[in-house]
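Visitor: I'd like to learn how to read helix packing in a model. Could you walk me through it?

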Amino acid sequence: MTTSAELAAAPSAPAGETNQHYDLDPEIFGLFLDPLRKYSSGLYRRPGLTLAEAQVAKLHFVADRLRLAPGQRLLDVGCGWGSLILFMAREYRAEVTGVSPAGRQHEFIAARAAQLGLTDLVSTRVGKFADVELPARSFDAVTMLGSIVHMPDVDAAVRRARSMLRRGGGHFYVSESCFRNAAAREEFDRRAGTEFVRNSIFGWGDMRPLSELVRAVEDAGFSVTSVDDLTDDYRRTIDDWLERVAAGAAAIDELRPGTSAELTRYLEVANAGWGFTTKHYALVCRNAR
């Protein structure tokens with residue numbers, strides 16, 4: 001488990017590369033996310049699912065795509081508030097490691113792991129994936145849910161993910177929002193809404209077409225096993241988030257004035273492009289060699 005000393009010693013990312021959004025007060029996220037604080041698409045494949053149910057369904061979907069089994073080791077890059085690693089430890093008895101540059105997230109995860117009696121299965125590392133020391137060839141699965149968009153060198157990130165996996169069967173799961181093609185990226189990447197999300201919310205981000213991610217994983221030596229279109233699921237997830245931001249606006253702004261309006265603009269920009277300029281995919285690969 002990450003210690004307070006490690007948090008204090010963790011280097012700060014350059015201003016243009018820090019994911020500043022994720023170091024906000026964790027209570028802000030608790031006011032509009034589901035109880036697990038999962039900050040990525042849910043899975044709405046049955047009628048009438050609540051946000052919380054859709055997020056649990058998505059986590060089971062990820063575990064199924066990874067063929068995760070008890071005792072296996074999983075590395076989650078961009079672990080957020082720990083929703084995936086805590087769930088996989090509790091429900092699948094996997095040994096999990098999370099990586100994130102946001103110090104507050106590690107403090108939150110450590111506290112939750114202790115509350116759930118999972119400290120023997122859950123550990124985290126503070127820093128950017130490119131820099132954090134991790135044991136090579138020691139994981140059965142690597143996940144990146146909405147985090148590769150924050151990595152400037154996608155090829156290096158994918159190669160490093162493969163270097164973490166055991167030979168002959170480890171799985172790599174990436175879910176990411178993508179421009180629907182290179183032409184859409186060329187036209188919309190520098191629009192005001194995109195720049196607002198990139199600079200005012202996240203500090204840095206580079207959304208790419210799916211074709212660029214597929215090329216990166218294939219060039220790294222992965223075999224692609226599945227591609228799922230989760231665009232409509234993410235639209236519905238954001239609709240639920242927007243409702244919760246509206247309902248909790250006063251409490252959110254009490255923690256940080258102006259944040260409810262900022263969140264609303266960000267989420268509305270994200271939802272405006274689905275199917276037109278943007279898509280959301282889950283890409284699963286196998287380290288077959």
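**Reading the helices**

Guide: Start with a pair: α4 crosses α5 in a right-handed manner (the near helix is turned clockwise from the far one by less than a right angle). Helices here are DSSP runs of H or I, at least four residues, strands are runs of E, at least two, and both are numbered from the N terminus. This is a predicted model, where local features need pLDDT of at least 70, side-chain atom pairs count only at pLDDT 80 or more, and totals for chains, interfaces and linings use all residues. Residues are numbered from 1 along each chain as its sequence is written, and side-chain values use heavy atoms, leaving out hydrogens and water.

Visitor: Which residues of α4 and α5 make the contact?

Guide: Contact means heavy atoms within 4.5 Å. From α4 come I85, L86 and R90, and from α5 come I109, R112, A113 and L116. That's five nonpolar, no polar and two charged (Ala, Val, Leu, Ile, Met, Phe, Trp, Tyr, Cys and Pro count as nonpolar, Asp, Glu, Lys and Arg as charged, the others, Gly among them, as polar).

Visitor: Which residues of α9 are buried, and which are exposed?

Guide: Buried means under 20% relative accessible area, exposed over 50%, with a 1.4 Å probe and protein chains only. In α9 (residues 210-220), L210, L213, A216, V217 and A220 are buried. Those five span an arc of only 125 degrees around the axis, so they sit on the same side of α9; the arc is that of the directions from the helix axis to the C-beta atoms. S211 and D219 are exposed on the other side of α9.

Visitor: What do the buried residues of α9 pack against?

Guide: Their partners are α6 (154-164), β5 (170-179), β6 (223-229) and β7 (278-287).
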